[in-house]
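Please look over the structure shown here and keep it in view while reading. The paragraphs after it go from one site to the next.

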Amino acid sequence: MSPKTAQELALPVGVTLDRFIMLSQSAFPYATGELSQLLRDIALAGKIINREINRAGLVDIAGGNGTDNVQGENQQKLDIIANIRFIRALKNGGEVCAILSEEDEDIIHTGNDHGKYVVAMDPLDGSSNIDVNVSIGTIFSIYRRVSPIDGPATREDFLQGGRKQVAAGYILYGSSTMLVYSTGDGVNGFTYDHSLGEFILSHKNICSPQNGTIYSVNDGYINDYPAFVQQYLTKCKEKSCTARYIGSLVADFHRNLLRGGVYLYPSTKKTPEGKLRLLYECYPLAFIAEKSGGKAIDGFGAILDIIPTSFHQRSPIYLGSSTMVDDVMKC
Ligand code: AFP
(Lines give C-alpha, C1' and ligand atoms only; values in the text may rest on other atoms or scores of the structure.)
Protein backbone atom coordinates (compact mmCIF):
# COMPACT_ATOMS: atom_id res chain seq x y z
CA MET A 1 0.00 0.00 0.00
CA SER A 2 1.50 3.33 -0.99
CA PRO A 3 1.71 5.96 1.78
CA LYS A 4 -0.88 8.74 1.72
CA THR A 5 0.16 12.26 0.86
CA ALA A 6 -0.14 14.96 3.52
CA GLN A 7 -3.17 16.30 1.61
CA GLU A 8 -4.85 12.87 1.68
CA LEU A 9 -4.16 12.48 5.40
CA ALA A 10 -5.77 15.79 6.29
CA LEU A 11 -8.50 16.43 3.77
CA PRO A 12 -9.95 19.95 4.01
CA VAL A 13 -13.09 20.24 6.17
CA GLY A 14 -14.76 22.49 3.64
CA VAL A 15 -16.45 25.88 3.94
CA THR A 16 -18.38 26.37 7.18
CA LEU A 17 -21.73 28.13 7.14
CA ASP A 18 -20.24 31.02 9.11
CA ARG A 19 -17.50 31.50 6.57
CA PHE A 20 -19.91 31.19 3.66
CA ILE A 21 -22.19 33.83 5.20
CA MET A 22 -19.22 36.11 5.80
CA LEU A 23 -17.95 35.69 2.23
CA SER A 24 -21.43 36.30 0.79
CA GLN A 25 -21.84 39.42 2.92
CA SER A 26 -18.53 40.87 1.79
CA ALA A 27 -19.90 40.85 -1.80
CA PHE A 28 -22.28 43.64 -0.65
CA PRO A 29 -20.22 46.59 0.55
CA TYR A 30 -23.18 48.28 2.28
CA ALA A 31 -24.40 45.17 4.11
CA THR A 32 -24.66 45.74 7.86
CA GLY A 33 -24.28 42.10 8.84
CA GLU A 34 -27.73 41.91 10.47
CA LEU A 35 -29.16 39.39 8.00
CA SER A 36 -25.95 37.37 8.35
CA GLN A 37 -26.38 37.31 12.11
CA LEU A 38 -30.02 36.31 11.73
CA LEU A 39 -29.04 33.35 9.54
CA ARG A 40 -26.51 32.31 12.18
CA ASP A 41 -29.25 32.49 14.85
CA ILE A 42 -31.44 30.20 12.75
CA ALA A 43 -28.55 27.77 12.30
CA LEU A 44 -27.98 27.76 16.06
CA ALA A 45 -31.64 27.01 16.75
CA GLY A 46 -31.42 24.23 14.16
CA LYS A 47 -28.45 22.67 15.95
CA ILE A 48 -30.28 22.74 19.27
CA ILE A 49 -33.44 21.22 17.77
CA ASN A 50 -31.32 18.60 16.04
CA ARG A 51 -29.91 17.64 19.44
CA GLU A 52 -33.40 17.40 20.96
CA ILE A 53 -34.70 15.29 18.08
CA ASN A 54 -31.78 12.89 18.30
CA ARG A 55 -32.56 12.28 21.98
CA ALA A 56 -36.28 11.91 21.42
CA GLY A 57 -36.35 8.12 21.87
CA LEU A 58 -34.33 8.31 25.11
CA VAL A 59 -36.02 11.01 27.13
CA ASP A 60 -39.67 11.84 27.56
CA ILE A 61 -39.99 14.34 24.72
CA ALA A 62 -41.56 12.16 22.01
CA GLY A 63 -45.29 11.81 21.46
CA GLY A 64 -48.26 14.10 21.81
CA ASN A 65 -48.56 16.71 24.51
CA GLY A 66 -52.33 16.52 24.82
CA THR A 67 -52.69 20.11 23.57
CA ASP A 68 -53.81 21.62 20.25
CA ASN A 69 -52.09 24.40 18.33
CA VAL A 70 -53.77 27.38 16.69
CA GLN A 71 -54.67 25.18 13.70
CA GLY A 72 -56.55 22.78 15.97
CA GLU A 73 -53.90 20.10 15.34
CA ASN A 74 -52.48 17.88 18.10
CA GLN A 75 -49.19 19.31 19.32
CA GLN A 76 -46.27 16.99 19.73
CA LYS A 77 -43.97 17.73 22.65
CA LEU A 78 -41.20 18.46 20.17
CA ASP A 79 -43.43 20.97 18.34
CA ILE A 80 -43.56 22.98 21.52
CA ILE A 81 -39.86 22.55 22.29
CA ALA A 82 -38.80 23.56 18.75
CA ASN A 83 -41.06 26.61 18.90
CA ILE A 84 -39.54 27.76 22.18
CA ARG A 85 -35.99 27.09 20.99
CA PHE A 86 -36.49 29.11 17.82
CA ILE A 87 -38.18 32.02 19.52
CA ARG A 88 -35.44 32.14 22.14
CA ALA A 89 -32.63 32.04 19.57
CA LEU A 90 -34.23 34.81 17.50
CA LYS A 91 -34.94 36.95 20.58
CA ASN A 92 -31.38 36.57 21.83
CA GLY A 93 -29.95 37.31 18.40
CA GLY A 94 -31.52 40.78 18.41
CA GLU A 95 -32.05 41.21 14.65
CA VAL A 96 -35.71 40.19 14.58
CA CYS A 97 -38.47 42.43 15.92
CA ALA A 98 -41.27 39.88 15.58
CA ILE A 99 -41.97 36.24 14.76
CA LEU A 100 -44.96 34.44 13.32
CA SER A 101 -45.11 30.75 14.14
CA GLU A 102 -47.37 27.94 13.07
CA GLU A 103 -47.78 27.14 16.73
CA ASP A 104 -49.07 30.57 17.82
CA GLU A 105 -52.17 32.51 16.88
CA ASP A 106 -50.67 35.97 16.76
CA ILE A 107 -47.42 37.88 16.24
CA ILE A 108 -44.75 37.23 18.87
CA HIS A 109 -42.94 40.48 19.66
CA THR A 110 -39.33 39.83 20.59
CA GLY A 111 -38.82 43.12 22.43
CA ASN A 112 -36.12 44.07 19.88
CA ASP A 113 -38.08 46.91 18.27
CA HIS A 114 -34.93 48.19 16.58
CA GLY A 115 -34.67 44.87 14.67
CA LYS A 116 -35.05 45.27 10.90
CA TYR A 117 -36.43 41.81 10.19
CA VAL A 118 -39.44 39.61 10.85
CA VAL A 119 -39.47 35.82 10.55
CA ALA A 120 -42.37 33.50 9.71
CA MET A 121 -41.68 29.86 10.57
CA ASP A 122 -42.95 26.37 10.99
CA PRO A 123 -40.57 25.26 13.76
CA LEU A 124 -41.18 21.53 13.23
CA ASP A 125 -43.04 20.35 10.18
CA GLY A 126 -44.09 16.73 9.75
CA SER A 127 -44.03 16.27 13.50
CA SER A 128 -46.46 13.35 13.37
CA ASN A 129 -43.43 11.47 11.98
CA ILE A 130 -41.23 12.04 15.05
CA ASP A 131 -42.30 8.95 16.98
CA VAL A 132 -41.45 6.67 14.07
CA ASN A 133 -38.03 8.16 13.40
CA VAL A 134 -38.88 9.62 10.00
CA SER A 135 -37.34 12.84 8.64
CA ILE A 136 -38.87 16.13 9.74
CA GLY A 137 -37.98 19.74 9.12
CA THR A 138 -38.04 23.41 10.06
CA ILE A 139 -39.15 25.99 7.47
CA PHE A 140 -38.43 29.72 7.69
CA SER A 141 -39.07 32.88 5.76
CA ILE A 142 -37.46 36.29 6.37
CA TYR A 143 -38.81 39.76 5.48
CA ARG A 144 -37.41 43.22 5.99
CA ARG A 145 -40.05 45.00 8.09
CA VAL A 146 -42.15 47.74 6.51
CA SER A 147 -43.28 49.28 9.81
CA PRO A 148 -41.14 52.05 11.31
CA ILE A 149 -38.01 50.95 13.18
CA ASP A 150 -38.19 51.31 16.97
CA GLY A 151 -41.95 50.77 17.02
CA PRO A 152 -43.76 47.44 17.33
CA ALA A 153 -44.00 45.17 14.27
CA THR A 154 -47.37 45.14 12.53
CA ARG A 155 -49.53 42.73 10.49
CA GLU A 156 -48.27 44.39 7.30
CA ASP A 157 -44.73 43.24 8.07
CA PHE A 158 -45.89 39.64 7.65
CA LEU A 159 -48.44 40.18 4.89
CA GLN A 160 -46.07 41.63 2.29
CA GLY A 161 -46.36 38.67 -0.10
CA GLY A 162 -43.92 35.94 -1.10
CA ARG A 163 -41.96 38.07 -3.59
CA LYS A 164 -40.85 40.32 -0.72
CA GLN A 165 -39.00 37.55 1.11
CA VAL A 166 -35.34 38.52 1.51
CA ALA A 167 -34.35 34.99 2.43
CA ALA A 168 -35.98 31.64 3.05
CA GLY A 169 -34.97 28.09 3.71
CA TYR A 170 -35.38 24.91 5.67
CA ILE A 171 -33.54 22.57 7.98
CA LEU A 172 -34.02 18.89 7.28
CA TYR A 173 -33.48 16.51 10.18
CA GLY A 174 -32.91 13.35 8.17
CA SER A 175 -30.24 10.71 7.75
CA SER A 176 -28.05 13.77 8.09
CA THR A 177 -29.15 17.24 9.13
CA MET A 178 -29.06 19.87 6.42
CA LEU A 179 -29.67 23.58 6.22
CA VAL A 180 -30.72 24.79 2.77
CA TYR A 181 -31.34 28.48 2.17
CA SER A 182 -31.32 31.27 -0.34
CA THR A 183 -30.96 35.02 0.02
CA GLY A 184 -32.22 35.38 -3.53
CA ASP A 185 -28.99 34.62 -5.32
CA GLY A 186 -28.84 30.84 -5.73
CA VAL A 187 -29.65 28.07 -3.29
CA ASN A 188 -26.99 26.44 -1.13
CA GLY A 189 -27.09 23.43 1.18
CA PHE A 190 -24.99 22.76 4.29
CA THR A 191 -24.64 19.42 6.06
CA TYR A 192 -24.25 19.36 9.81
CA ASP A 193 -21.01 17.84 11.10
CA HIS A 194 -21.86 16.71 14.65
CA SER A 195 -18.25 16.31 15.67
CA LEU A 196 -17.40 19.90 14.75
CA GLY A 197 -20.78 21.38 15.63
CA GLU A 198 -20.73 23.17 12.28
CA PHE A 199 -22.81 23.24 9.11
CA ILE A 200 -20.45 22.61 6.16
CA LEU A 201 -21.19 23.63 2.58
CA SER A 202 -22.02 20.34 0.85
CA HIS A 203 -24.48 21.31 -1.92
CA LYS A 204 -23.24 24.44 -3.68
CA ASN A 205 -25.62 26.29 -5.96
CA ILE A 206 -28.40 23.69 -6.05
CA CYS A 207 -30.20 23.62 -9.40
CA SER A 208 -33.55 21.90 -9.58
CA PRO A 209 -33.60 19.35 -12.44
CA GLN A 210 -35.88 20.76 -15.10
CA ASN A 211 -37.79 17.49 -15.32
CA GLY A 212 -38.05 14.34 -13.24
CA THR A 213 -39.91 11.11 -12.68
CA ILE A 214 -41.00 11.41 -9.04
CA TYR A 215 -44.46 12.54 -7.98
CA SER A 216 -45.27 13.05 -4.33
CA VAL A 217 -48.88 13.16 -3.24
CA ASN A 218 -51.16 11.58 -0.64
CA ASP A 219 -52.77 9.08 -3.01
CA GLY A 220 -55.31 8.07 -0.38
CA TYR A 221 -57.26 11.28 -1.02
CA ILE A 222 -57.30 10.90 -4.82
CA ASN A 223 -61.10 10.76 -5.05
CA ASP A 224 -61.28 14.09 -3.24
CA TYR A 225 -58.87 15.92 -5.54
CA PRO A 226 -59.98 18.25 -8.35
CA ALA A 227 -60.42 16.57 -11.76
CA PHE A 228 -57.24 18.11 -13.23
CA VAL A 229 -55.15 16.58 -10.45
CA GLN A 230 -56.76 13.17 -10.93
CA GLN A 231 -56.00 13.49 -14.64
CA TYR A 232 -52.37 14.42 -13.96
CA LEU A 233 -51.93 11.50 -11.55
CA THR A 234 -53.40 9.08 -14.10
CA LYS A 235 -50.82 10.33 -16.60
CA CYS A 236 -48.03 9.81 -14.05
CA LYS A 237 -49.19 6.23 -13.58
CA GLU A 238 -49.46 5.63 -17.33
CA LYS A 239 -45.89 6.87 -17.72
CA SER A 240 -44.77 4.61 -14.82
CA CYS A 241 -43.44 7.57 -12.87
CA THR A 242 -42.15 6.87 -9.36
CA ALA A 243 -44.47 7.59 -6.42
CA ARG A 244 -42.66 8.82 -3.29
CA TYR A 245 -44.51 10.39 -0.35
CA ILE A 246 -43.08 10.70 3.14
CA GLY A 247 -45.79 13.00 4.49
CA SER A 248 -43.08 15.35 5.70
CA LEU A 249 -43.04 18.35 3.39
CA VAL A 250 -39.39 19.32 3.85
CA ALA A 251 -38.18 15.78 3.19
CA ASP A 252 -40.44 15.31 0.17
CA PHE A 253 -39.46 18.70 -1.24
CA HIS A 254 -35.74 18.18 -0.63
CA ARG A 255 -35.68 14.79 -2.37
CA ASN A 256 -37.48 16.20 -5.39
CA LEU A 257 -35.20 19.24 -5.45
CA LEU A 258 -32.15 17.03 -5.76
CA ARG A 259 -33.62 14.24 -7.89
CA GLY A 260 -36.29 15.96 -9.98
CA GLY A 261 -39.96 15.63 -9.16
CA VAL A 262 -43.17 17.34 -8.25
CA TYR A 263 -44.91 17.65 -4.87
CA LEU A 264 -48.69 18.09 -4.88
CA TYR A 265 -50.98 19.09 -2.04
CA PRO A 266 -54.24 20.00 -3.81
CA SER A 267 -57.48 21.24 -2.32
CA THR A 268 -59.68 18.41 -1.12
CA LYS A 269 -63.35 18.20 -0.21
CA LYS A 270 -62.31 18.31 3.45
CA THR A 271 -59.76 21.10 2.97
CA PRO A 272 -60.99 23.21 0.02
CA GLU A 273 -58.22 25.74 0.66
CA GLY A 274 -55.56 23.03 0.72
CA LYS A 275 -53.71 21.97 3.85
CA LEU A 276 -50.39 23.75 3.75
CA ARG A 277 -49.95 27.20 5.22
CA LEU A 278 -49.06 29.98 2.80
CA LEU A 279 -46.78 32.13 4.95
CA TYR A 280 -44.52 29.56 6.55
CA GLU A 281 -44.75 26.49 4.30
CA CYS A 282 -45.71 27.50 0.75
CA TYR A 283 -43.92 30.86 0.38
CA PRO A 284 -40.49 29.76 1.67
CA LEU A 285 -40.43 26.54 -0.34
CA ALA A 286 -41.77 28.33 -3.43
CA PHE A 287 -38.91 30.83 -2.99
CA ILE A 288 -36.35 28.01 -2.85
CA ALA A 289 -38.03 26.26 -5.79
CA GLU A 290 -37.89 29.39 -7.97
CA LYS A 291 -34.37 30.38 -6.94
CA SER A 292 -33.15 26.90 -7.89
CA GLY A 293 -34.87 27.01 -11.29
CA GLY A 294 -38.05 25.14 -10.33
CA LYS A 295 -41.65 26.35 -10.04
CA ALA A 296 -44.43 26.57 -7.47
CA ILE A 297 -48.08 27.22 -8.32
CA ASP A 298 -51.44 27.01 -6.61
CA GLY A 299 -53.25 25.75 -9.72
CA PHE A 300 -53.89 29.27 -11.05
CA GLY A 301 -50.62 31.13 -10.83
CA ALA A 302 -47.32 31.40 -9.00
CA ILE A 303 -47.50 30.82 -5.24
CA LEU A 304 -45.23 33.85 -4.70
CA ASP A 305 -47.79 36.10 -6.43
CA ILE A 306 -50.64 35.22 -4.06
CA ILE A 307 -51.66 38.27 -2.03
CA PRO A 308 -51.88 37.13 1.59
CA THR A 309 -54.81 38.22 3.73
CA SER A 310 -54.28 36.39 7.00
CA PHE A 311 -51.46 34.81 9.00
CA HIS A 312 -52.56 31.20 8.93
CA GLN A 313 -54.08 31.17 5.45
CA ARG A 314 -53.71 27.92 3.48
CA SER A 315 -53.13 27.22 -0.16
CA PRO A 316 -53.09 24.27 -2.55
CA ILE A 317 -49.57 23.80 -3.88
CA TYR A 318 -47.80 22.08 -6.78
CA LEU A 319 -44.05 22.58 -6.69
CA GLY A 320 -40.81 21.17 -7.96
CA SER A 321 -39.24 20.61 -11.37
CA SER A 322 -40.49 23.23 -13.82
CA THR A 323 -41.60 20.88 -16.61
CA MET A 324 -43.58 18.72 -14.20
CA VAL A 325 -45.27 21.74 -12.62
CA ASP A 326 -46.11 22.99 -16.14
CA ASP A 327 -47.62 19.57 -16.90
CA VAL A 328 -49.88 19.87 -13.84
CA MET A 329 -50.93 23.30 -15.09
CA LYS A 330 -51.62 21.93 -18.60
CA CYS A 331 -54.07 19.42 -17.17
P1 AFP B 1 -47.83 17.29 10.50
O2 AFP B 1 -46.84 18.36 10.96
O3 AFP B 1 -49.12 17.33 11.24
O4 AFP B 1 -47.21 15.93 10.47
O5 AFP B 1 -48.23 17.70 8.99
C6 AFP B 1 -47.26 17.62 8.03
C7 AFP B 1 -47.70 18.34 6.77
O8 AFP B 1 -48.04 19.68 7.06
C9 AFP B 1 -46.61 18.28 5.71
O10 AFP B 1 -45.32 18.18 6.21
C11 AFP B 1 -46.97 17.07 4.92
O12 AFP B 1 -46.49 17.10 3.61
C13 AFP B 1 -48.46 17.05 4.99
O14 AFP B 1 -48.80 17.71 6.21
C15 AFP B 1 -48.99 15.68 5.02
O16 AFP B 1 -50.37 15.73 5.07
P17 AFP B 1 -51.25 14.42 4.84
O18 AFP B 1 -51.02 13.55 6.05
O19 AFP B 1 -52.63 14.94 4.75
O20 AFP B 1 -50.78 13.77 3.57
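What follows is a walk through an annotated site, a loop residue and a surface patch.

This is a predicted model, in which local features need pLDDT of at least 70, side-chain atom pairs count only at pLDDT 80 or more, and totals for chains, interfaces and linings use all residues. Residues are numbered from 1 along each chain as its sequence is written, and side-chain values use heavy atoms, with hydrogens and water left out.

Begin with the UniProt record, an unreviewed entry, whose "binding site" annotation covers Glu102, Asp122 and Leu124. Such annotations may be inferred rather than shown by experiment; their positions are given in the numbering used here, and feature names are shortened. The three residues span 23 residues in sequence, but no two of their C-alpha atoms are more than 8.9 Å apart, so they gather at one spot. Glu102, Asp122 and Leu124 are also included in the lining of the largest pocket. A pocket here is an open set of points on a 1 Å grid over the protein atoms alone, with protein on both sides within 12 Å along at least five of seven lines, and lining residues have an atom within 4 Å of a point.

Where in the chain does Glu102 lie? Glu102 is in the loop between strand S3 (96–101) and strand S4 (108–109); strands are DSSP runs of E with at least two residues, helices are runs of H or I with at least four, and both are numbered from the N terminus. With a relative accessible area of 4%, Glu102 is buried. Buried means under 20% relative accessible area, exposed over 50%, and partly exposed in between (1.4 Å probe, protein chains only). Asp122 belongs to strand S5 (residues 117–125) and is buried too, at 0%. Not counting residues up to four places away in sequence, Asp122 is in contact (heavy atoms within 4.5 Å) with Glu102, Gly137, Thr138, Ile139, Tyr280 and Glu281.

Next comes Ser267, in the loop between strand S13 (261–265) and helix H8 (278–291). Ser267 is buried at 17%. Beyond four places in sequence, the residues Ser267 touches include Asp224, Tyr225 and Pro316.

Last is the surface. Val132, Val134 and Ile246 make a nonpolar patch of about 210 Å². Ile246 sits in the loop between strand S12 (242–243) and helix H7 (249–259). Is Ile246 buried or partly exposed? Ile246 counts as partly exposed because its relative accessibility is 33%. Patch residues have over 30% relative accessible area and no salt bridge; nonpolar side chains (Val, Leu, Ile, Met, Phe, Trp, Tyr) are joined within 5 Å, like charges within 9 Å. A salt bridge is a side-chain nitrogen of Lys or Arg within 4 Å of a carboxyl oxygen of Asp or Glu.

Notes
Areas by Shrake-Rupley, 256 points an atom, 1.4 Å probe, with all protein chains shown as cover. 1 Å grid on protein atoms, 1.4 Å probe; cavity = no way out; pocket = protein on both sides within 12 Å on 5 of 7 lines; lining within 4 Å.
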